[in-house]
Number of protein chains: 2
Amino acid sequence: MAGIRQLAERLDISIGTVSRALNNKPDVKKETRERVLKMALEMGYRPNQMGRALRRGSTNTIGFVMEIGNPSALGGDNFFMGLLDSVQEVLAKSGFDLVLLPCRSADDPIEFLQRQIARGVADALVISATRRHDPRIELLLKTGTPFLALGRSETKGDYPWIDLDFEGVAGQSVRRLAAMGHNRIAIAMPRRSVNLAHLFLQGYRSAVADLGLDPDPDLVQRVSSSENGGMALANRLMSLDIPPTAVILAHELMASGLYDGLQQGGLRPGHDMSIIGFRQNPQLRYLRPSLACHALSLQALGQAVGRRVLALVDPPESDPPSPLVWEMDYIEGDSVRPLIPVA
Amino acid sequence: MAGIRQLAERLDISIGTVSRALNNKPDVKKETRERVLKMALEMGYRPNQMGRALRRGSTNTIGFVMEIGNPSALGGDNFFMGLLDSVQEVLAKSGFDLVLLPCRSADDPIEFLQRQIARGVADALVISATRRHDPRIELLLKTGTPFLALGRSETKGDYPWIDLDFEGVAGQSVRRLAAMGHNRIAIAMPRRSVNLAHLFLQGYRSAVADLGLDPDPDLVQRVSSSENGGMALANRLMSLDIPPTAVILAHELMASGLYDGLQQGGLRPGHDMSIIGFRQNPQLRYLRPSLACHALSLQALGQAVGRRVLALVDPPESDPPSPLVWEMDYIEGDSVRPLIPVA
């Protein structure tokens, strides 16, 4: 088994160049990289001792901490898959690779993160599903680990983040429905204590208060971000003494279950209850009536995530990226109708 | 910034124990591990030089190579997300962590894999979406990288694999439909050159030949494993001179687009065309008529994957895992009906 030194000698190029080639650095010519990889393969090169040491802390890897085992992941939420393709594309251009670090929702997220930091798997991390108070952010700041938060948090500190405009989407949805005559407007949020639920609720409550709409707390429902959650939502809304005439979803995957549940209860989605979904999602194109929702380019968002996390490490002297709220555009759908007052 | 030596001195325990604690080895007491992680955090410990070298090739990590950017990933296929939760659960019990290595479908999978091997990111790899001839398997065998193939391949060599019973599902579906009077039975397969398409087609062709059914090559359609693919499939089947009376899907995400496409063309799914989907998927529970499909426990499959990949590295002297074809059980649905002959 050959080490990097033997590999460099055989190729008659410097150890530094071999190391950079193995680590996919952009300052190495394509032919050189291919020659090095080919020889590494022929000589049965395995890294670890020399190779790792040579890199002196640079893994050329970005780690993306991803929660798995939650209802939206299991229910086929394509948000991360759509995003990661563009993140990886941006990283690859700078010679970085992306690794996903799946944290089970059953596991302690702090212990998980400590282990990843201790192992030094990546030069910088992206964390997602931020909590309103997020001890992971405290840990990352304390250990000096470069990171980007995909999601805001109230945890104090100077760190970059990108988040979707949850408040804006909720507030604008309330205003849009109110302008069509709706007064009892419900909202469905994820059960999990993610900060987006808090932001979504804030946007909703502030608009409901501004417009003097019915502030009935029963209109705020917490269900899982999945088809099952939507089914549960339908049943709960229909069981209210006065069901709402419209509902706003914090996660679009609730929509199909909601449609199904309303129909089983004899109500027509769109006709008897207006529905605004969150993100426009190709999985929901089949829904009839078509779901009103909000457009989001996962490609553009993924590129922004990739560029911002790269700015933390390559070059390390670049300005720290500024926080960014990602706005979304309303897409009309037949699931929203003006309220026809009952005579 | 402290190294592992300073950390060990401060804690007054051996460097080896600190290393094993940082690497989450099961032979370290929980209290010791917690003490080490706490001190590592306090002292601002960052690994890389010493820590990496101490491990001598053992990263205590399993890498799962995952194709991203393909239609099924973007279309919200929850297969991998459902699987990984159980894989990670099994690995964690032995002190291993799972990292996902996302390979863009636009990238060269061999160059990607070479880089991962050269970097030594993991002690063993899982590869998925195997090709009928798969040069990745040759590379992994040549470099002596322990790996498990999630999917079969015709590439020669002694390596462990687990695969779903694509042949069996296709063959049994043909027989089931034929027993109900169907003679012109179509099949829809992914466009990509994955081996599962080949296996699915083999199972189909062999049953069609055995039963003397219509062997019309137009009945074999290639579309993407997504809702859009299903829509395209509907249009192509309806445009045939004699449309089939039944169709078998190699990927269940095609079903919603197929239903929609048939309905737009004035045909009723189940009534005018029987449909058998592949895997039972909670995302499709809303479909009416309900989709006949095949049950698969992602949890059980994930556990089998976890156990088999662990057997490659922990303990390394255990018997190599044997190949495994994962059988699936038929689930009845209203999308399948006996053919009523046209008078």
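A residue counts as buried when its relative accessible area is under 20%, as exposed when that area is over 50%, and as partly exposed in between. Keep those cut-offs handy for the views below, which come from a predicted model.

**Figure 1. A cysteine in each chain, C293(A) and C293(B), and where it falls on the burial scale.** C293(B) has a relative accessible area of 5%, so it is buried, the cut-off being under 20%. For C293(A) the relative accessible area is 5%, and this cysteine is buried too. How many disulfides are there over all chains? The count comes to zero. As a reminder, a disulfide is a covalent bond between the sulfur atoms of two cysteines.

**Figure 2. Chain A seen as a whole, before we zoom in on its parts.** Chain A has 343 residues, and 60% of them are buried. Its secondary structure consists of 13 helices and twelve strands. Take the contacts in chain A between residues at least 6 apart in sequence: 68% of these join residues at least 24 apart. The accessible surface of chain A is about 13800 Å², with carbon and sulfur atoms accounting for 51% of that.

**Figure 3. Helices α9(A) and α10(A) packing against each other.** Two packed helices are described by the angle between their axes and the distance between the axes. For α9 (residues 166–179) and α10 (residues 195–211) of chain A, the axes come within 7 Å and cross at roughly 35°. The crossing of α9(A) with α10(A) is right-handed. On the α9(A) side, the residues making the contact include F166(A), V169(A), A170(A), G171(A) and V174(A). Among their partners in α10(A) are L196(A), L199(A), F200(A), G203(A) and A207(A). What classes of residue make up the contact of α9(A) with α10(A)? Twelve are nonpolar, three are polar and three are charged.

**Figure 4. The crossing of α9(B) and α10(B) in chain B.** Here α9 (residues 166–179) and α10 (residues 195–211) of chain B have axes that come within 7 Å of each other and cross at roughly 35°. This crossing of α9(B) past α10(B) is right-handed. Look for E167(B), R175(B) and A178(B) among the α9(B) residues in the contact, and for Q202(B), Y204(B), V208(B), D210(B) and L211(B) among those of α10(B). The contact of α9(B) with α10(B) sorts into twelve nonpolar, three polar and three charged residues.

**Figure 5. Q116(A), a glutamine with a contact in chain B.** Q116(A) sits in helix α7 of chain A, which spans residues 109–119. Is Q116(A) buried or exposed? With a relative accessible area of 2%, which is under 20%, Q116(A) is buried. Setting aside neighbours within four places in sequence, Q116(A) touches L101(A) and V121(A), and from chain B it touches D97(B).

Figure 6. Most residues other than glycine have a negative phi, and most peptide bonds are trans. P289(A) belongs to the loop between β9 (274–279) and β10 (292–295) of chain A. P289(B) is in the loop between β9 (274–279) and β10 (292–295) of chain B.

**Figure 7. D12(A) and N60(A), two non-glycine residues with positive phi.** Phi of D12(A) is near 60°, and phi of N60(A) is near 55°. D12(A) is in the loop between α1 (4–11) and α2 (15–22) of chain A, while N60(A) is in the loop between α4 (50–55) and β1 (61–68) of chain A. D12(A) is exposed because its relative accessible area, 69%, is over 50%. N60(A), at 1%, is buried.

**Figure 8. Two partly exposed spots, G265(A) and R20(B).** G265(A) is in the loop between α12 (254–264) and β9 of chain A. Its relative accessible area of 43% makes G265(A) partly exposed. From G265(A) to M238(A), 27 residues away in sequence, the C-alpha to C-alpha distance is 7.7 Å. R20(B), in helix α2 (residues 15–22) of chain B, is partly exposed at 32% relative accessibility. R20(B) and R33(B), 13 residues apart in sequence, have C-alpha atoms 8.4 Å apart.

Conventions: Residues are numbered from 1 along each chain as its sequence is written. Chains are lettered from A and ligands numbered from 1 in the order in which they are written. This is a predicted model: local features need pLDDT of at least 70, side-chain atom pairs count only at pLDDT 80 or more; totals for chains, interfaces and linings use all residues. Side-chain values use heavy atoms; hydrogens and water are left out. Axes are lines fitted to C-alpha atoms, for helices over the stretch in contact, and angles run from 0 to 180 degrees between N-to-C directions. Helices (H or I, at least four residues) and strands (E, at least two) are DSSP runs, numbered from the N terminus. A crossing is left-handed if the near helix is turned anticlockwise from the far one by less than a right angle, and right-handed if clockwise. Contact means heavy atoms within 4.5 Å. Ala, Val, Leu, Ile, Met, Phe, Trp, Tyr, Cys and Pro count as nonpolar, Asp, Glu, Lys and Arg as charged, and the others, Gly among them, as polar. Buried means under 20% relative accessible area, exposed over 50%, partly exposed in between (1.4 Å probe, protein chains only). Accessible areas come from the Shrake-Rupley method with a 1.4 Å probe; for residues, only the protein chains shown count as cover. A disulfide is a pair of cysteine sulfur atoms within 2.5 Å.
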